[in-house]
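This report looks at charged side chains and how they pair. The sequence and the structure come next.

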Amino acid sequence: MRAIISFSFFVVLAFVIGALLAYPLKLLLDPVFDLAFRKYLNYATLISGVITCFIYLQINNLLSFNAFGFSGKYNKFLMNLFNGFLYGIAIMLIIEIILFILKIHELDSYRGLWIFSNISFLSKALLAGLLIALIEELIFRGAFFSGLYKKTSASVTILFTSFVYAAVHFVRYPDLITDTGIGWLTGIKMMPDAFRRFHEWAIMDYFLTLFIFGILLGLLRLKHKNIAACIGTHAGIVVLIKIADYFTNRTNSGDFDYLVSPYNSTYGWISFYIILLFTIFYFIKLKNKNNNY
């Protein structure tokens, strides 16, 4: 229980530090980017998450590359990353095919499908997918996984990190009213409203999809003892989602539209059950392998 409380404290701390960092980040980057303050809050929270991981591991006497999930031979790490990427692509491809069959998605007639005319977008999607996967896996299946696994069982570690991983995706800072004064404590004042979605039952299918995906990534972490396959699988899914969002539209008029979340054009009950099947299959495979030793 103490390990769970300690873990939860550092999750909360990451949001508090992020809220405090948002204002200096805005002062630093505004001359170049001039973004909405909520975006600075999101970026500051990511930075804070990485900082908090260092503190968390240091306090638990675990601060090392291994604890962040970077272990094993370099060539094997890259191979696991690549295989994981193909694994993530395969999962999302199945989901996307089902969405097309059920007429939930349709091709955007205004988008050209010729690959060379979209090379810039595809490059950005790949880079964004890898960056998102790297940061999130470094935090959840890297540092937080290592710290919690040191003091609890594998099942508790996977379930709790997956729960928090799913939950943080629903923290959404609102846009500020025009001409609102922004200062050091603005982010702190916005925090209560950022958690407004948690009382809405409509997020359940989206939440469960992220939760079961977190469990699958946790199993990958447990098997490979590093985050290479986690990064690859995560990146593959993010990249294909971005490609699907770019080249397709949600119809919002089919008989099966309820199977996709109102908060996301891809995630919902369909994605939950598909990822659940992959997770069950991988769990059985991992369990059988362990029983053979």
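Arg-141 and Glu-137 both lie in helix α4 (residues 119–151), and because they are 4 residues apart, about one helical turn separates them. The model is predicted. In it, Arg-141 and Glu-137 form a salt bridge, with 2.8 Å between their closest N and O atoms. Arg-141 is buried, with a relative accessible area of 0%. Glu-137 is buried as well, at 0% relative accessibility.

Side chains of opposite charge can pair when their charged atoms come close. The count of salt bridges in this model is 4.

| Pair | Closest N and O atoms |
|---|---|
| Asp-175 and Arg-38 | 2.5 Å |
| Arg-141 and Glu-137 | 2.8 Å |
| Asp-257 and Arg-250 | 3.1 Å |

The pair of Asp-175 and Arg-38 has its closest N and O atoms 2.5 Å apart. This pair links distant parts of the chain, its residues being 137 apart. Asp-175 sits in the loop between α5 (154–168) and α6 (186–194), while Arg-38 belongs to helix α2 (residues 37–59). Asp-175 is exposed, its relative accessible area being 54%. Arg-38 is partly exposed, at 26%.

In the pair of Asp-257 and Arg-250, the two residues come to 3.1 Å at their closest N and O atoms. Asp-257 has a relative accessibility of 18% and so counts as buried, the cut-off being under 20%. Arg-250 is also buried, with a relative accessible area of 18%.

One further arginine deserves a separate look. Where is Arg-221 placed? Arg-221 is found in helix α7 (residues 204–224). Arg-221 is buried but has no salt bridge. Which side chain of opposite charge is nearest to Arg-221, and how far away is that side chain? The nearest is Glu-137, at 7.6 Å. Glu-137 is instead paired with Arg-141.

Arg-221 also meets Arg-141: the side chain of Arg-221 reaches the backbone oxygen of Arg-141 at 2.5 Å. Leaving aside neighbours within four places in sequence, the contacts of Arg-221 include Arg-141, Gly-142, Phe-145 and Ser-146. Asn-66, Ala-67 and Gly-69 are also among them, as are Asn-226, Ile-227 and Cys-230.

Methods: Residues numbered from 1 in each chain as written. Predicted model: local features only at pLDDT ≥ 70, side-chain atom pairs only at ≥ 80, totals over all residues. Heavy atoms only, no water. Helix = DSSP H or I, 4+ residues; strand = E, 2+ residues; numbered from the N terminus. Buried < 20%, exposed > 50% of the residue type's maximum accessible area, 1.4 Å probe, protein only. Lys, Arg positive; Asp, Glu negative; His and termini not counted. Polar contact = N/O pair within 3.5 Å; in protein donor to acceptor, adjacent residues only side chain to side chain. Contact = heavy atoms within 4.5 Å.
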